[in-house]
Amino acid sequence: ARDRDAARGLVAAFDAAPLPRGVVELDAPDSVRAGRSWRVAGRAEGAAGGRAELVDPAGAVAGGADLDANGRFALDAPAKGAGRALFALRVLDRERRRIDEVAVPLVVQPGAALKLVLLAGAPDPELKYLRRWAVDAGLALDERIGLSDRAALVDGAEPLDADALRAADVAIVDERAWAALDAGRKAALLAAVGDGLGLLLRATAPPAPAVAADWSALGFDVRAAVPAPVALTQTLGLDASAPAFARAAIEVDARDAAPLLRADDGTPLALWRAVGAGRVGLWWLADSYRLALAGARTRFGTLWSDALGTLARARGDAPPELPRRARVGERAVACRVAPGDGVEDADGARTALVVDASAAPPCAAYWPTAGGWHALVRGATRWPFFVRAADAERALAAADDARATRALVGAAAEAPPPATRAVPLPRWPFFLGWLASAVALWWLERRARPASA
């Protein structure tokens, strides 16, 4: 790694050797919450007409897909019990003979039970399946759903009570429930957002002008539009038999907002932006419940879990940044570490880390000497990460080296022009020149006198 740092910008050209057959690109999460779907994607070289399979720790095939014309693949699998899991990604040729196998380590973390406040002007199918998922996932739910002008379904504490908002992580409010809020409750809700509460505005129809004005003040300009179908097959990793979806009859313009959900064609279906210490999102996908009806309950839960996890109130300290794709004999870097942290290898041997406290965030280097599961240890807390053997997965290692070398290509930085300044010439050479001339004239004069006499 230090050689790459020293050579950056100095490599004029790189003629890469052909990559070996096997997995040359791999994109997979290091950790995932229990109950969510996760995806491993990548590309295989020299496997035209082949197939990729994801094998779970028990040896069963958890998912498979044929490679496309470029050798790319994407596989989805559910994350079940919490703990460490070592999957294997196999690439087969067209005769279904194994070409390559790559380890896919995954840390499944127990899900955190969020406190959810739900306000809706009326029940609808989307709300029905969202509530059912929240209960099954163990979320604490305070809700108020309007049934008529004078009747509402209330469950849990008063949803907009100051104490309830202070304890809540996310609030979901649709346009009809927002219109029913008085000024005091809106102020309490917005104050809670400024204090860190996540707020998801759910648009099921074009909002009333007063609601649109309030949402515009939060950074979302909403106007009526013609409802349109949307495709989520690639976004959610669905097969060709996936149901069709639709967005609400609105269009949204949002300043400095980030996408929370996109359709396959890249058009946003949900956006979020920071407001104070909290985050506010706007969601206008109308019928994600069709996932649950089609038997894809895990993907439905993952969709909403990701959305609420993005907006939820931040609690606790950020975990360390663990080394990604660490390999024996190569430098691995962990960040957000603290003095006293160490790394424990598969045999239980512990190595103390030397932390560079001047870096932001503080980082430390570690050179693993054996493959397998390791752990960053801080007191009684452990964060596991996986180290690959030095001679394992050579196609992936060769591709990583080629990409790293290609990143070094570039013109060397030009040397700055030499600095110049006026320097007076020394006087002694002139003095010596004058002295030499005077002596020469004197000598010539002395020699000429006797001849003339």
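Trainee: Which residues form a nonpolar patch on the surface, and what accessible area do they have together?

Mentor: In this predicted model, local features need pLDDT of at least 70 and side-chain atom pairs count only at pLDDT 80 or more, while totals for chains, interfaces and linings use all residues. Residues are numbered from 1 along each chain as its sequence is written, and side-chain values use heavy atoms, with hydrogens and water left out. A nonpolar patch joins side chains of Val, Leu, Ile, Met, Phe, Trp or Tyr within 5 Å, taken from residues with over 30% relative accessible area and no salt bridge (a side-chain nitrogen of Lys or Arg within 4 Å of a carboxyl oxygen of Asp or Glu). Here the patch consists of Trp428, Phe431, Leu432, Trp434, Leu435 and Val439, and their accessible area (Shrake-Rupley, 1.4 Å probe) comes together to about 670 Å².

Trainee: Is Trp434 buried or exposed?

Mentor: Trp434 belongs to helix H11, residues 428-452, where a helix is a DSSP run of H or I with at least four residues and a strand is a run of E with at least two. Buried means under 20% relative accessible area, exposed over 50%, and partly exposed in between. Because its relative accessibility is 56%, Trp434 counts as exposed.

Trainee: In what order do the three strands of the open sheet lie?

Mentor: Two strands pair if DSSP finds at least two bridges between them, and E3 (residues 37-45) is joined to E6 by seven, running antiparallel. The edge strands, each pairing on one side only, are E1 (22-27) and E6 (72-78). The pairing in this open sheet is antiparallel, and the order is E1-E3-E6.

Trainee: Which residues form a disulfide, and how far apart are their sulfur atoms?

Mentor: A disulfide is a pair of cysteine sulfur atoms within 2.5 Å, and a search of the whole structure finds one. One cysteine lies in strand E22 (residues 332-335) and its partner in strand E25 (residues 363-366), so the pair ties together parts that are 28 residues apart in sequence. The link is right-handed, with 100° about the S-S bond. The pair is Cys335 and Cys363, with their sulfur atoms 2.0 Å apart.

Notes. Patch = residues over 30% accessible without salt bridge, like charges linked within 9 Å, V, L, I, M, F, W, Y side chains within 5 Å. Buried < 20%, exposed > 50% of the residue type's maximum accessible area, 1.4 Å probe, protein only.
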